[in-house]
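Let's take a friendly tour of a protein model, one topic at a time. Have the sequence and the 3D view ready.

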Amino acid sequence: MLTVNKILLSYDRVFPYGCSRSVCICEKCISAFGYHGVFGGPGQGRQSDRQTDSMASIADYYAGKSVLITGATGFMGKVLVEKLLRCCPGVQALYILVRPKAGQTMQERVTSMMKCKLFDRVREDDPEFHRKIVAISSELIQPGLAISPEDAEKLCSCVNVVFHCAATIRFDEPLKLALQLNVIATQQLLSLAQKMQHLEAFIHISTAYANCNRHHIDEVIYPRPSNQRSSSTRWSGWMTAWCVTSRRG
């Protein structure tokens with residue numbers, strides 16, 4: 001189960017249901033179009049015509065668009081990359097943030113990902129699909145996400161849609177690292193997104209535990225608590241003290 005938190009930067013043309021129908025997996029869109037109708041695939045029964053129209057509009061929307069994806073080498077990210085390449089062949093480019101890992105360079109990780117069986121169908125349709133994937137060197141726990149000024153300028157000048165999939169979902173992750181990956185990195189990516197000249201949508205994919213203080217979670221954007229600023233200030237102060245103490249220990 002995933003919740004999708006969206007910052008809407010456009011209106012009825014892209015978000016006719018109050019959410020991004022072209023990229024959304026919320027219950028309202030799934031109910032209206034069926035899962036396959038939301039992100040491609042054959043329709044069934046009386047929904048088939050609507051699903052076909054929906055799929056056509058999705059492919060049309062992404063035609064000529066540039067998309068930035070974090071966490072592209074992870075489970076959800078790889079599926080998203082494959083789906084965009086296969087169902088939206090007109091997409092201009094997919095920029096993916098990647099870091100060296102487990103002895104592999106950034107480019108080696110991307111090459112390994114594209115050889116995955118998941119991309120067999122895309123490879124059959126377009127043997128040169130890899131040309132649409134542009135790897136950007138990045139490290140989410142570093143200031144500015146460790147994106148070079150040249151790459152940042154490139155992203156700010158051409159990206160239309162951002163999918164933020166990168167996160168740690170380990171329940172036993174050290175608190176400091178979890179905060180850096182899931183909170184601070186998201187804030188830094190939002191700061192970068194605010195500079196993007198042609199941005200239309202920012203989609204943040206988080207775990208179902210994003211609203212752990214609620215007994216039931218709907219696919220909606222919940223209002224910000226009135227005391228959030230003071231709570232955030234207290235939390236930041238507590239984390240600073242905790243980090244300093246940890247270093248000393």
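Which residue forms a salt bridge with Glu 173? Its partner is Arg 170, and the closest N and O atoms of the two are 4.0 Å apart. A salt bridge here is a side-chain nitrogen of Lys or Arg within 4 Å of a carboxyl oxygen of Asp or Glu.

## Before we go on

This is a predicted model, where local features need pLDDT of at least 70, side-chain atom pairs count only at pLDDT 80 or more, and totals for chains, interfaces and linings use all residues. Residues are numbered from 1 along each chain as its sequence is written, and side-chain values use heavy atoms, leaving out hydrogens and water.

## Salt bridges

Back to that pair: Glu 173 is buried, with a relative accessible area of 16%, while Arg 170 is exposed at 51%. (Buried means under 20% relative accessible area, exposed means over 50%, and partly exposed is in between, using a 1.4 Å probe and protein chains only.) Searching the whole structure turns up 7 salt bridges. Some share partners, joining Lys 117, Asp 120 and Arg 123 into one network. Within it, the side chains of Lys 117 and Asp 120 meet at 3.5 Å, N to O. Lys 117 counts as exposed with 67% relative accessibility, and Asp 120 is partly exposed at 28%.

Now look at helix H4, residues 75–87. Helices (H or I, at least four residues) and strands (E, at least two) are DSSP runs, numbered from the N terminus. In H4, Glu 82 and Arg 86 are 4 residues apart, so about one helical turn separates them. They form a salt bridge too, with their closest N and O atoms 2.6 Å apart.

How many aromatic pairs does the structure hold? There are 2. Rings of Phe, Tyr and Trp (its six-membered ring) pair if their centres lie within 6.5 Å; planes under 30 degrees apart count as stacked, over 60 as edge-to-face, and the rest as tilted. Tyr 61 and Tyr 62 make an edge-to-face pair, 5.1 Å centre to centre with 80 degrees between the planes. Both of these tyrosines are buried.

Phe 119 and Phe 129 are stacked, because their ring centres are 5.8 Å apart and their planes are at 10 degrees. Phe 119 lies in the loop between H5 (106–114) and H6 (120–125), and Phe 129 in the loop between H6 and S4, so the pair ties together parts that are 10 residues apart in sequence. Phe 119 and Phe 129 are both buried.

## The two sides of helix H7

Helix H7 covers residues 149–158, and its buried residues are Asp 151, Ala 152, Leu 155 and Cys 156. Why are they on the same side of H7? They cover an arc of only 135 degrees around the axis, taken from the directions from the helix axis to the C-beta atoms. The face turned away from this buried side carries the exposed residues Pro 149, Glu 150 and Glu 153.

What covers the buried residues includes strands S2 (66–70), S3 (93–98) and S4 (133–137), along with helix H8 (175–193). Contact here means heavy atoms within 4.5 Å.

## Cysteines

The whole structure has 0 disulfides, a disulfide being a pair of cysteine sulfur atoms within 2.5 Å. Take Cys 158: the nearest cysteine sulfur, that of Cys 156, is 9.0 Å away.
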